[in-house]
Amino acid sequence: MNSKTITWYFFSFLLALLLKQYLVYYYNSVYDDQVSQLLGALNINKGAGYTIESVSLQDLSASVSQRMVGWPPLPSYLLAGMLKLTGNNAYLACYLLDALLALLQVSVISVLMYQIRLPLLVSCLFIVMAGADMNDYIRDSTFSDLMGLDAMLLCYCCLWFYFKNENSMAACLAAFFALIAAYVKYHYVPVAVFLPMLLIADA
């Protein structure tokens, strides 16, 4: 691959990254699912574990900590770490986590386009479109959705390397990222269970 082609890929990646980061910044908010995940993260840092406070049914004037069951715990644990780095600034912690996940998304898509080797113009347009893509997880700042998407993109990237080079390490990483996706969003569980079985059958 010549230097001109690499330059096109690089500037496409840079433009996509700038577009995605602008969207994340513009629509950044603590909203919907993220509020519950943030409360879980705050309780983790308080030493109460992956819980959320609610009113006691026995005494309405008292509150109790109950384990959160609506979302897998990984987003809250990552957010708990980000809260420590930002001095418990919830708004900044949520924004930084969104921004890092958006960076990862654009990076993985760029690597996939580079490896698949579609026509140069098609690959570059796809990368830029990925950066300009506006959807619910950007508008509503639900980073667990973005986290699950990133994990599945990494899974597909590893699968590509596996089927292209028959690399057993790539197969293990694909299964690992599928499990991470399931640990972020429950609806990835069927994929996480099926993928290792598929790889074993292929081996």
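Student: What makes Phe10, Phe11, Leu14 and Leu18 a nonpolar patch?
Tutor: These four residues form a nonpolar patch on the surface, and together they have about 410 Å² of accessible area. A patch takes residues with over 30% relative accessible area and no salt bridge; like charges are joined within 9 Å, and nonpolar side chains (Val, Leu, Ile, Met, Phe, Trp, Tyr) within 5 Å. A salt bridge would be a side-chain nitrogen of Lys or Arg within 4 Å of a carboxyl oxygen of Asp or Glu. Accessible areas come from the Shrake-Rupley method with a 1.4 Å probe, and for residues only the protein chains shown count as cover.
Tutor: Keep in mind that this is a predicted model, where local features need pLDDT of at least 70, side-chain atom pairs count only at pLDDT 80 or more, and totals for chains, interfaces and linings use all residues. Residues are numbered from 1 along each chain as its sequence is written, and side-chain values use heavy atoms, with hydrogens and water left out.

Student: Why is phenylalanine 10 called partly exposed?
Tutor: Buried means under 20% relative accessible area, exposed means over 50%, and partly exposed is in between (1.4 Å probe, protein chains only). Phenylalanine 10 has 46%, so it is partly exposed. Its place is in helix H1, residues 3-26.

Student: How do you know what counts as a helix or a strand?
Tutor: Both are DSSP runs numbered from the N terminus: helices (H or I) need at least four residues, strands (E) at least two. The protein has nine helices and two strands, in the pattern α-α-β-β-α-α-α-α-α-α-α along the sequence.

Student: Why are H4 and H5 called roughly antiparallel?
Tutor: The axes of H4 (residues 90-116) and H5 (residues 120-132) come within 10 Å and cross at roughly 165°. Axes are lines fitted to C-alpha atoms, for helices over the stretch in contact, and angles run from 0 to 180 degrees between N-to-C directions. Under 35 degrees is roughly parallel, over 145 roughly antiparallel, 65 to 115 roughly perpendicular, and the rest oblique. H4 and H5 are therefore roughly antiparallel.

Student: What makes the phi of arginine 117 worth a look?
Tutor: Most residues other than glycine have a negative phi. Arginine 117 has a positive value, near 60°, and is found in the loop between H4 and H5. At 45% relative accessibility, arginine 117 counts as partly exposed. Asparagine 88 also has a positive phi, near 65°, and lies in the loop between H3 (74-85) and H4.
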